[in-house]
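Hi,

Here is the structure I promised to pass on. Have a look at it first, and then read my notes below.

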Amino acid sequence: YQLVQEYLASRSEKTEHLFQCYNSSKPLGYAGIRQLFRRLQAKTAIDRLTPHLLRHTYGTYYINSGGDIKVLQLLLGHSEVKTTETYVHLSNMLNVANYAKHSIINIMTSKKDG
């Protein structure tokens, strides 16, 4: 929250929009956001870099950090909590994969092979 406030205070154009067009107080639209992500994708060589992936990453991280699903529903603007449950499912899959990676059985098996 503090970083967002600092970002807003640092801009020369004062507007209510978080993201705005370059040298304008108009909000950044869909085409501008897609163009921004294409540039980031080219610079980083990340194959699947999209605004929607960023949204999914935020939702999954929020749930993994102990966030409440009802609050996440409000933050993401979902009308049905069922839609938001996707992030709980993704979080559970990541936790299972992480557990398997660090399980004692996996560690002992890899030491035998090595």
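Leaving aside its neighbours within four places in sequence, which residues is Pro27 in contact with? They are His17, Phe19, Gln20 and Cys21, where contact means heavy atoms within 4.5 Å.

A word on what you're looking at. This is a predicted model, so to speak of local features I needed pLDDT of at least 70, and side-chain atom pairs count only at pLDDT 80 or more, while totals for chains, interfaces and linings use all residues. Residues are numbered from 1 along each chain as its sequence is written, and side-chain values use heavy atoms, with hydrogens and water left out.

The overall picture

The chain has six helices and zero strands, so from the N terminus on the elements read α-α-α-α-α-α; helices (H or I, at least four residues) and strands (E, at least two) are DSSP runs, numbered from the N terminus. Of its 114 residues, 15% count as buried. For that word and its relatives, buried means under 20% relative accessible area, exposed over 50%, and partly exposed in between (1.4 Å probe, protein chains only). The accessible surface comes to about 9,300 Å², and 60% of that belongs to carbon and sulfur atoms; these areas come from the Shrake-Rupley method with a 1.4 Å probe, and for residues only the protein chains shown count as cover. Among contacts between residues at least 6 apart in sequence, 19% join residues at least 24 apart.

The loop between H1 and H2

Pro27 is found in this loop and is partly exposed, with a relative accessible area of 42%. Pro27 and His17 are ten residues apart in sequence, and their C-alpha atoms are 5.8 Å apart in space. Ser24 lies in the loop too, but at 18% relative accessibility Ser24 counts as buried. The C-alpha atoms of Ser24 and Lys14, ten residues apart along the chain, are separated by 9.7 Å.

Phe19, one of the contacts of Pro27, is in the loop between helix H1 (2-10) and helix H2 (30-44). Together with Val4, Tyr7 and Leu18, Phe19 makes a nonpolar surface patch of about 340 Å². Patches are made of residues with over 30% relative accessible area and no salt bridge: like charges are joined within 9 Å, nonpolar side chains (Val, Leu, Ile, Met, Phe, Trp, Tyr) within 5 Å.

H2 and what follows

How far apart are the end C-alpha atoms of H2? They are 21 Å apart, which agrees with the 21 Å that its 15 residues should span at 1.5 Å a residue. The expected span is 1.5 Å times one less than the number of residues. Tyr30 is in helix H2 and is exposed, with a relative accessible area of 66%. The C-alpha atoms of Tyr30 and Pro51 are separated by 9.9 Å, with the two residues 21 apart along the chain.

Just after H2, Ala45 takes a positive phi of about 60°, although Ala45 is not a glycine. Most residues other than glycine have a negative phi. Ala45 sits in the loop between H2 and H3 and counts as exposed at 61% relative accessibility.

The core

The largest nonpolar core has five residues: Tyr62, Ile63, Leu72, Leu76 and Tyr87. Such a core is a set of buried Ala, Val, Leu, Ile, Met, Phe, Trp, Tyr and Cys residues joined through side-chain atoms within 4.5 Å. Helix H3 (51-64) and helix H4 (69-76) are the elements that give two or more residues to this core. Not counting residues up to four places away in sequence, Tyr62 touches Gly67, Asp68, Val71, Leu72 and Leu75.

One salt bridge

A search of the whole structure finds one salt bridge, meaning a side-chain nitrogen of Lys or Arg within 4 Å of a carboxyl oxygen of Asp or Glu. In this bridge the side chains of Glu85 and Lys82 meet (4.0 Å, N to O). Glu85 and Lys82 are three residues apart in helix H5 (residues 81-102), so about one helical turn separates them. Glu85 is partly exposed, with a relative accessible area of 35%, whereas Lys82 counts as exposed at 62%.

Cheers
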